Amino acid sequence: MKTIKLIKSFLFLSVGTLMLLSCQQEEGPSIEDYSLNYQISEIAPVDGIGVGAFYTNNPYSNDTARYRRLISEYDPDATPYPQLCPNVRPVLGYYSYDLNTVNTVDLIQQHINWAVEGGINFFILPKINYDANQMNYLNQGTLNFYNYAEGMHENSLDLIHWGNFKFCTQVQPSEVASGTSATIMLEDDTDANGYSPRMEKLVNYFRGLANRFFTDDTLYYHVDGKPLIIVLNPQDLHCRDSKAVYDSIRAVVREVSGKEIYLVARQNCWTPTARFENFFLTGGVDALFMNNMYNQTLQQRAYLYPQSINENWKYNREWALSNYNIDFVPNISPGFNAWLSNQGTDRYNYPLMNYDVNTFRTMCNVAKMNLGNNKLVFIDSFNDWTWATALEPTDPYFGKGFGMQLLDVIREEFKR
């Protein structure tokens, strides 16, 4: 009898415990409550979205070994190092830009044609360096590529057809006005007469840009009538009065071309915009964008794409707009592979973002959720194969080739 009573007591306690645990589980936290547990909505394209793609004139960094890694098969069990190859082959293969021949015309023209077909509006071309020995203060070596691409070079004269397609350029003021740091401000070289050699270089550089591009270059991309300029590493331009510095830049462009400029600062990815309050924010740029969000080393973030990217953009976009009236430009990428640049062990801690058409489409919708007032979107990139971030078509019958699919997604997601 005692045994039966003990069994009944045990069963009663067990059922009670299970009921209690069940109640506790129902009342406790659930995965449904997690802030990133949501689906990215499909958003129809709206009129007037300007799509710009970063374009490089050195897509393989002159490295044939890197190209072989790009096209080879993915093999995580290879020795001595796993081979994290994207296994895609660009339709145009391994190429370089030889400006000494007319053959490069076909290469650039094909890229323009593909971009137009994919609904891209403009290329963001490589930065133009400063050169005090040139009358226009622009480095002739970097400027030659622009001349060639526009059909203004002796080997491309009137041979490249842009139609309504455009381009813009990138600048790095901290390289022009070099020598600044956290303890050395740009204005610290000012003499008793108010003359600053660093500031003079910066003004001369933008005077050269305005003369070359903003007066009568019909191919240059404008936002509301303002030439768009990408500002690289704006956090490295150390100023006591960044507003005065940026105002001086705007003033010289206005003096030369009669135009206001539209400055877009590139901010380091996954950093709070408020960190740069004394740099490009008080300087008064027109907009900002984040560097490639896939270029980071935290696996936790990679597990939470694309929602974590959306939340990061949303916070920084709203903060910049409400505090400084600075617009936001979403910058998406079709992929990322840091291992391609260096197959040593130091690159295995970067999460891979392999090419996936559905993921890229989702990120296009994240971009549409974070459009600024001027409705711009950047793509990083069109043809930067050093990081496997390129949209450029690949052979669909080779490896994991995607053909024109990524360009098709851009057109479908951003163009009505």
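Reply: Start with the whole. This predicted model has 12 helices and 10 strands. The chain holds 416 residues, and 51% of them are buried. Its C-alpha trace spans about 110 × 55 × 45 Å along the principal axes. The protein exposes about 19700 Å², and carbon and sulfur atoms supply 49% of that area.

Now zoom in on α4. This helix covers residues 140-149. How much of α4 is buried? It is mostly covered, with 7 of its 10 residues buried. They are Thr142, Leu143, Phe145, Tyr146, Asn147, Tyr148 and Ala149. What do they pack against? The buried residues of α4 meet α3, β3 (166-171) and α6 (197-214).

Look at the neighbour α3, which covers residues 104-117. Two packed helices are described by the angle between their axes and the distance between the axes. Here the axes of α3 and α4 come within 10 Å. They cross at roughly 75°. An angle from 65 to 115 degrees counts as roughly perpendicular. The two helices are therefore roughly perpendicular to each other. From α3, the contact takes Thr104, Val105 and Ile108. From α4, it takes Phe145, Tyr148 and Ala149. By type, the contact residues of α3 and α4 are 5 nonpolar, 1 polar and no charged. Phe145, Tyr148 and Ala149 are also among the buried residues of α4. An α-helix has 3.6 residues a turn, so residues three or four places apart point the same way.

Next, compare another pair, α10 and α11. Helix α10 runs over residues 307-324, and helix α11 over residues 357-369. Their axes also come within 10 Å, but they cross at roughly 15°. Angles under 35 degrees count as roughly parallel. That is why α10 and α11 are described as roughly parallel to each other. Their crossing is right-handed. On the α10 side, the contact uses Ile309, Asn310, Trp313 and Arg317. On the α11 side, it uses Met363, Val366, Ala367 and Met369. This contact of α10 with α11 counts 6 nonpolar, 1 polar and 1 charged residue.

Now try two single residues. Is serine 257 buried or exposed? Serine 257 is buried, because its relative accessible area is 17% and the cut-off for buried is under 20%. This serine sits in helix α7, residues 242-257. Leaving aside neighbours within four places in sequence, serine 257 touches Phe214 and Thr215. Its C-alpha atom is 6.1 Å from that of alanine 210. Along the chain, serine 257 and alanine 210 are 47 residues apart.

Find it in the loop between β1 (50-54) and α2 (64-71). Its relative accessibility is 30%, so asparagine 58 counts as partly exposed. Which residue lies 327 places from asparagine 58 along the chain, with a C-alpha separation of 9.0 Å? That is tryptophan 385.

Finally, go back to α4 in the viewer. Find Phe145, Tyr148 and Ala149, then look across to Thr104, Val105 and Ile108 of α3.

Key: Residues are numbered from 1 along each chain as its sequence is written. This is a predicted model: local features need pLDDT of at least 70, side-chain atom pairs count only at pLDDT 80 or more; totals for chains, interfaces and linings use all residues. Side-chain values use heavy atoms; hydrogens and water are left out. Axes are lines fitted to C-alpha atoms, for helices over the stretch in contact, and angles run from 0 to 180 degrees between N-to-C directions. Helices (H or I, at least four residues) and strands (E, at least two) are DSSP runs, numbered from the N terminus. Angles under 35 degrees count as roughly parallel, over 145 as roughly antiparallel, 65 to 115 as roughly perpendicular and the rest as oblique. A crossing is left-handed if the near helix is turned anticlockwise from the far one by less than a right angle, and right-handed if clockwise. Contact means heavy atoms within 4.5 Å. Ala, Val, Leu, Ile, Met, Phe, Trp, Tyr, Cys and Pro count as nonpolar, Asp, Glu, Lys and Arg as charged, and the others, Gly among them, as polar. Buried means under 20% relative accessible area, exposed over 50%, partly exposed in between (1.4 Å probe, protein chains only). Accessible areas come from the Shrake-Rupley method with a 1.4 Å probe; for residues, only the protein chains shown count as cover.
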